[in-house]
Amino acid sequence: MDYIKLVEQSFANEKVASYPDFKAGDTITVSYRIKEGDKERLQKFKGVVIQLRGATPQTKTFTVRKVSNGIGVERIFPIQSPFIDEIELNKVGMVRRARIFYLRNLSGKKARIKEKKMSVKKTEE
């Protein structure tokens with residue numbers, strides 16, 4: 001029995017559990033660790049989640065899209081990737097689809113997604 005793989009798997013599951021719950025239409029920032037030679041740095045990729053894919057945590061991936069200098073850039077991240085440092089939820093979007101590929105054909109104001117208003121419930125004491 002390989003104990004190292006068992007421990008790595010448990011740490012990966014803990015890390016995934018610390019990520020916020022997000023779905024298609026949400027705007028997130030993914031801090032991704034990049035190795036260049038012997039140096040390491042964090043790169044933040046902020047964009048809209050256009051799809052979640054995969055059933056098990058080992059195969060689950062998500063695609064994030066952003067427009068950079070007028071060019072659409074999409075990146076697919078495995079949820080179990082050891083290079084993902086953190087995922088930050090910026091906006092919760094209101095969409096009716098699980099995969100919003102129609103966003104690829106839109107530009108400007110039409111490409112905006114309605115934001116879900118977060119209401120704070122007051123508790124009576």
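This is a predicted model: local features need pLDDT of at least 70, side-chain atom pairs count only at pLDDT 80 or more; totals for chains, interfaces and linings use all residues.
Visitor: Where do I start? How many helices and strands does the protein have?

Guide: Count the elements before anything else. The protein has 1 helix and 5 strands. Along the sequence they follow the pattern α-β-β-β-β-β.

Visitor: In what order do the strands lie in the sheet?

Guide: Start with the general idea. Strands of a sheet pair through backbone hydrogen bonds, either parallel or antiparallel. Here, an open sheet of 5 strands has the order β4-β3-β2-β1-β5, and the pairing is antiparallel. β4 and β5 are the edge strands, each pairing on one side only. From one strand to the next, the twist averages 40°.

Visitor: How many bridges join β1 to β5?

Guide: The antiparallel strands β1 and β5 are joined by 6 bridges.

Visitor: How many bridges join β3 to β4?

Guide: There are 8 bridges between β3 and β4, which also run antiparallel. T61 stands opposite P78 in β4. These two strands form a hairpin, with 2 residues between them.

Visitor: What is the phi of N69?

Guide: Again, the general idea comes before the case. Most residues other than glycine have a negative phi. N69 has a positive phi, near 55°. N69 sits in the loop between β3 (61–68) and β4 (71–78).

Visitor: Is N69 buried or exposed?

Guide: N69 is exposed, because its relative accessible area is 77% and the cut-off for exposed is over 50%.

Visitor: What is I28 in contact with, beyond its neighbours within four places in sequence?

Guide: Select I28 and look around it. Its contacts beyond those neighbours include F22, F45, V49, F62, V64, I87 and L89. F62 and I87 are also among the core residues that touch the most other members.

Visitor: And the whole protein? What share of its residues is buried?

Guide: Buried residues make up 27% of the 125 residues. The accessible surface is about 9600 Å², with 52% belonging to carbon and sulfur atoms. Of contacts between residues at least 6 apart in sequence, 53% join residues at least 24 apart.

Definitions and conventions
Residues are numbered from 1 along each chain as its sequence is written. Side-chain values use heavy atoms; hydrogens and water are left out. Helices (H or I, at least four residues) and strands (E, at least two) are DSSP runs, numbered from the N terminus. Buried means under 20% relative accessible area, exposed over 50%, partly exposed in between (1.4 Å probe, protein chains only). Two strands pair if DSSP finds at least two bridges between them. A nonpolar core is a set of buried Ala, Val, Leu, Ile, Met, Phe, Trp, Tyr and Cys residues joined through side-chain atoms within 4.5 Å. Contact means heavy atoms within 4.5 Å. Accessible areas come from the Shrake-Rupley method with a 1.4 Å probe; for residues, only the protein chains shown count as cover. Axes are lines fitted to C-alpha atoms, for helices over the stretch in contact, and angles run from 0 to 180 degrees between N-to-C directions.
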